[in-house]
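Please read the following points with the coordinates open beside you.

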Amino acid sequence: MLNQEFYDNALKTLQQLSPEIQEYQFPHLRLFTDGDEFYQKLWQMIDESKTYCWILTYAMDKSLAANITLYKLINAQQRGVNVVLFVDDLQGHYNNKLTKLFQSYGGVFLNLNPLSAFKIYGQEFFRRHHEKMAVADHKAIFGTSNIESHYGGVKWGKQTFHDINTYTEGRHLSYNLQKHFMYLASLYKIQLNPHKPTPNEDLLYTFNAFPPYYEFFKTHPPFNRQIQTQIIESIKNAKDNIKIVQAYYYSVRIFEKHLREAMDRGVKVEIITADKRDQPVYRYAFNRILFQGVIHRNLKVYEFPEQLLHMKGYVFDNNQLFYGSFNNDRWSWKLNHEFNILTEDENEIKMFMDIYNETKLRTRQIDYKKTGTPLRWIKMKFWEWFIYQSEILMSKNQGYHPNKYKYNNLLNTWDDGIGNYF
């Protein structure tokens, strides 16, 4: 990992080549939880875009905020901006009239992994595009919010979720998010027209001279498990403490194995999770059952009882932050397309930890003696059976559609050092 000394030396060298370096060298960065700010930043990016504006979301509905987003994308396309919108088909409940109007003006719209392509439920049916990001020129947003009313605040939504998002005005992050869009588009044999960096930008990308310095990780099991590999490596390298915020937690053997080993060697682990969850498979499960595989003297688990917690992130030894769309459940670990960012930037880690600690103040430690009604236990057992059956289907490579991309080609186009963790 490059350090601050490298950045300082690179800045002095590169500034001799061009005065434009200063603009790229110190990007604006902000982490926030407010749902209304998410929409305000997103709409500002769309309205101010001049070259391109690309958005990827797991969910999109017909709410006022979602429709405003579509209208703004249409306006951007009309003024000559290269506009792209990718939405996962499972949660794509958008306004069809507006998406068709968007396409009629030349906008690129794609339902990712369409459900209609599968006659048999199998591995491909369950493999969803769970990433959330937007990039426009040198600005970018990524994090945990989707484009639905549930993710807005008082003005533009229902305040259902407690999310975390990053807004940045720096070309390094936007450039690499753009690369992720092109990667996804290539899976569906779609050609996107990327922004071409200037010679100065090319030079900066070569030297990675952008504080904060990021490493970018994606997952596309079974051929790509970058995120899973990084989580395991960071746990193995942790020396003092690990702090995790994950709304959707479910037992993953390899993760819990390494977490227990870390605690055995004295690493203190703290996890903030949700008390209430929106997904039926988790709704009736008690946290004392979900976390029974990692109960340890060095573990503290807190639950957030207010909004539906939707944050996802890991902090290792207070100096390494790994966050994005990745849930700590079996779907993210085994199937989903996800996108996370790793940074050691002190300023960004401090912003994340301020949000983490503010969230923790609103939690309570889980009650290991908590019991429920017989009806709740029946529902919980049903969803346990459902998960078991889903995993049987997930293990089968059924439902493959011949017109979709071919996974065999991925080994030749994206070599990520695959690990056999399951």
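Throughout this note, a contact means that heavy atoms lie within 4.5 Å. This is a predicted model, in which local features need pLDDT of at least 70 and side-chain atom pairs count only at pLDDT 80 or more, while totals for chains, interfaces and linings use all residues. Residues are numbered from 1 along each chain as its sequence is written, and side-chain values use heavy atoms, with hydrogens and water left out.

1. Overall make-up. The protein chain has 16 helices and 18 strands, where helices (H or I, at least four residues) and strands (E, at least two) are DSSP runs numbered from the N terminus. Of its 422 residues, 60% count as buried; here buried means under 20% relative accessible area, exposed means over 50%, and partly exposed is in between, with a 1.4 Å probe and protein chains only. Among contacts between residues at least 6 apart in sequence, 81% join residues at least 24 apart.

2. Helices H3 and H4. Helix H3 (residues 35-48) packs with helix H4 (residues 64-78) at an angle of about 15°, their axes being 9 Å apart; axes are lines fitted to C-alpha atoms, for helices over the stretch in contact, and angles run from 0 to 180 degrees between N-to-C directions. The angle makes H3 roughly parallel to H4, a label given to angles under 35 degrees, with those over 145 counting as roughly antiparallel, 65 to 115 as roughly perpendicular and the rest as oblique. H3 passes H4 in a left-handed crossing, meaning that the near helix is turned anticlockwise from the far one by less than a right angle, whereas clockwise would be right-handed. On the H3 side, Tyr39, Leu42, Trp43, Ile46 and Asp47 meet Ala65, Ile68, Thr69, Lys72, Leu73 and Ala76 of H4. By class, this contact of H3 with H4 has eight nonpolar, one polar and two charged residues; Ala, Val, Leu, Ile, Met, Phe, Trp, Tyr, Cys and Pro count as nonpolar, Asp, Glu, Lys and Arg as charged, and the others, Gly among them, as polar.

3. Helices H4 and H5. H4 also packs with helix H5 (residues 96-104), at an angle of about 10° and with the axes 9 Å apart, and the two are therefore roughly parallel to each other. Asn67, Leu70, Tyr71, Leu73 and Ile74 of H4 meet Leu98, Thr99, Leu101 and Phe102 of H5, and the residues of this contact divide into seven nonpolar, two polar and no charged. Leu73 is listed in the contact of H4 with H3 and again in the contact of H4 with H5.

4. Helices H9 and H10. The axes of helix H9 (residues 226-237) and helix H10 (residues 253-264) come within 9 Å and cross at roughly 15°, which makes H9 roughly parallel to H10. H9 passes H10 in a left-handed crossing. The contact is made by Ile231, Ile232, Ile235 and Lys236 of H9 together with Ile254, Phe255, His258, Leu259 and Ala262 of H10, and its residues divide into seven nonpolar, one polar and one charged.

5. Thr219 is in strand E9 (residues 214-220) and is buried, with a relative accessible area of 2%. Although Thr219 and Glu338 are 119 residues apart in sequence, they are 5.2 Å apart in space, C-alpha to C-alpha. The side chain of Thr219 makes a polar contact with that of Gln228 at 3.0 Å; a polar contact is a pair of N or O atoms within 3.5 Å, of which, within protein, one must be able to donate a hydrogen and the other to accept it, and residues adjacent in sequence count only if both atoms are side-chain atoms. Ser325, in the loop between strand E16 (320-324) and helix H13 (330-334), counts as buried at 1% relative accessibility. A polar contact of 2.6 Å joins the side chains of Ser325 and Glu338.

6. Positive phi values. Asn113, which is not a glycine, has a positive phi of about 50°; Asn113 is in the loop between strand E4 (108-112) and helix H6 (123-126) and counts as buried at 0% relative accessibility. Asn318 likewise has a positive phi, near 60°, and lies in the loop between strand E15 (312-316) and E16, where it counts as partly exposed at 41% relative accessibility.
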